[in-house]
Amino acid sequence: MTDPVARLRQAARIARQVYDSERKEFDILRKAGVVIPELAAIEQEKENGRYEGQAHTISFLVQSRHMLPQLTEKEARDVLWTLTGRDIYRMLVVERGWSSDRYEKWLSNAIVAALVTAKRSRKIG
């Protein structure tokens with residue numbers, strides 16, 4: 001994918017697909033992780049991998065000169081990692097009753113608004 005904005009929107013789509021598929025399990029794992037340290041360690045390892053995996057997307061954003069100039073590469077990666085986190089999905093979809101489609105559209109627009117220069121972003125409805 002050669003369009004950095006499309007790549008960020010793809011990150012929103014992937015987050016939605018992963019969390020939709022894990023929805024039944026993640027509340028159980030979240031609660032169990034408090035009691036069973038091994039599960040918490042596995043979750044932390046997954047989060048570290050997700051953070052590392054997003055480096056390529058942010059590097060591409062920097063190289064294409066689409067990234068907001070006031071952000072460092074690390075800050076942009078932190079923002080992407082945070083916005084695509086499981087807890088935001090849980091809060092909006094599970095606790096607040098948003099549809100998965102609504103979550104994905106919001107997340108896609110939020111990621112682009114947080115990371116991309118205004119002249120390069122395109123909002124989706």
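Me: Which helices each supply at least two residues of the lining of the second largest pocket?
Reply: α1 (4–35) and α2 do; helices here are DSSP runs (H or I, at least four residues), numbered from the N terminus. This is a predicted model, where local features need pLDDT of at least 70, side-chain atom pairs count only at pLDDT 80 or more, and totals for chains, interfaces and linings use all residues. Residues are numbered from 1 along each chain as its sequence is written, and side-chain values use heavy atoms, leaving out hydrogens and water.

Me: And where does the largest share of that lining come from?
Reply: From α1, with eight residues.

Me: OK, which residues lie nearest the pocket's centre?
Reply: Ala11, Ile14, Ala15, Arg50 and Gln54, out of 18 lining residues. A pocket is an open set of points on a 1 Å grid over the protein atoms alone, where a 1.4 Å probe fits, with protein on both sides within 12 Å along at least five of seven lines; lining residues have an atom within 4 Å of a point.

Me: How does the lining divide by residue type?
Reply: Six nonpolar, five polar and seven charged. Ala, Val, Leu, Ile, Met, Phe, Trp, Tyr, Cys and Pro count as nonpolar, Asp, Glu, Lys and Arg as charged, the others, Gly among them, as polar.

Me: Switching topic: which residues of α2 and α4 meet?
Reply: On α2, Glu47, Arg50, Tyr51 and Glu52; on α4, Lys74, Arg77, Asp78 and Trp81. Contact means heavy atoms within 4.5 Å.
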